[in-house]
Amino acid sequence: MKFRLLLFLLFVSFPFYGSSQESPDSYFSAYVTPDYAIAGTKTSLSIIIKAEREIKANTLFKVKFVKGFDDMQNLLPILPGYVKASMSAVGGRVAINSVLTSYNEGVSFWEMNVHENIITIVTRNADMAIGDSITITIGIGNNSNALLPVPTTANKENLEIAMTNNGTTTNLQLSSHTPSFEIRPKPIENVYLFASSVAKVGEEAKLLITTADEYFNIDHTFIGEVELSSNSSQNVVLPKSVIFLPQDSGKKEISIFFTNPGSYVISGKHLTGNIPVISSNPTRVDNEIPHIYWGDLHSHGAPSREGVGRGR
């Protein structure tokens with residue numbers, strides 16, 4: 001009886017690694033280097049999984065990368081997005097089981113998405129001691145064609161990592177380790193002016209001033225001064241210039257007023273550099289305002305299976 005009680009206490013005190021009762025969080029930490037890329041370019045990067053406790057051989061990891069990176073594969077090092085993996089533990093290696101979209105993976109705690117890739121790896125031949133690491137490299141192959149194409153939509157999202165110790169998806173558990181990865185805009189290409197389509201004489205209308213790269217990503221770091229004018233300055237009340245500060249995050253909305261009916265276009269000039277300022281759409285001004293509703297007839301935001309970006 002005492003022997004059975006001792007076995008029971010040992011089992012309770014030292015839970016089985018990888019069982020459904022134990023979280024994988026304490027076994028590893030993770031990060032991405034570099035943790036950003038520039039929209040519309042090509043890059044290479046590494047995902048590092050570092051052991052914080054002993055990790056046995058035949059441990060399986062699934063790494064879900066951020067949405068929009070469609071070109072990942074582990075078959076040919078001469079093609080875009082080539083994925084390979086290695087381990088620092090002496091005698092150890094890492095097998096890449098698959099690189100599939102989450103749509104094809106069908107993992108219960110991840111949505112099915114054709115624009116998210118999941119890399120599945122298994123450790124082989126050696127246990128990982130504390131401090132040992134796994135390096136998953138994406139975009140390094142036999143030539144520059146193996147680089148990873150970066151989506152054109154600027155965005156910041158998080159990777160997700162799941163693990164199990166038995167080399168299969170049995171008892172697969174999602175960890176709370178979610179390294180972030182950012183797609184940053186390219187250098188600003190234009191400043192754009194967007195005015196209210198219609199306005200009533202003497203009543204407030206709006207002018208949106210926003211920055212954009214060649215893919216229409218806002219440059220949130222933009223600072224500078226934009227001079228404003230119109231095709232009929234005597235009939236338009238607007239500030240002579242608008243100053244962008246860091247807290248404006250690359251866009252500002254200001255109030256403008258029209259004193260007479262007509263059609264007006266707002267123009268601008270960048271006073272602190274050579275960035276072109278694109279004139280606004282025309283604003284139709286009258287004594288009464290017709291109801292015009294604008295909308296995007298077809299678009300996919302972040303929640304969509306096929307969408308990327310922060311849009312809702």
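This is a predicted model: local features need pLDDT of at least 70, side-chain atom pairs count only at pLDDT 80 or more; totals for chains, interfaces and linings use all residues.
Residues are numbered from 1 along each chain as its sequence is written, and side-chain values use heavy atoms, with hydrogens and water left out.

**Aromatic rings**
- Phe 28 and Phe 61 pair edge-to-face, at 5.6 Å centre to centre and 85° between the planes; planes over 60 degrees apart count as edge-to-face, under 30 as stacked and the rest as tilted.
- Phe 28 belongs to strand E1 (residues 28-33) and Phe 61 to strand E5 (residues 60-64), so this pair ties together parts 33 residues apart in sequence; strands here are DSSP runs (E, at least two residues), numbered from the N terminus.
- Phe 28 and Phe 61 are both buried, meaning under 20% relative accessible area with a 1.4 Å probe, protein chains only.
- Phe 65, Phe 69 and Phe 181 make up one aromatic cluster.

**Charges over rings**
- Arg 53 has its charged end over the ring of Tyr 27, 4.1 Å from the centre; the cut-offs are NZ of Lys or CZ of Arg within 6 Å of the ring centre and within 35 degrees of the ring normal.
- Arg 184 lies over the face of Tyr 36, 3.8 Å from the ring centre.

**A three-stranded sheet**
- This open sheet runs E16-E25-E22 with mixed pairing, and strands pair if DSSP finds at least two bridges between them.
- Strands E16 (198-200) and E22 (262-264) are the edges, each pairing on one side only.
- E16 and E25 (residues 283-286) pair in the parallel sense over three bridges, and Val 198 has Arg 284 in E25 as its bridge partner.

Terms used
Rings of Phe, Tyr and Trp (its six-membered ring) pair if their centres lie within 6.5 Å; planes under 30 degrees apart count as stacked, over 60 as edge-to-face and the rest as tilted. Helices (H or I, at least four residues) and strands (E, at least two) are DSSP runs, numbered from the N terminus. Buried means under 20% relative accessible area, exposed over 50%, partly exposed in between (1.4 Å probe, protein chains only).
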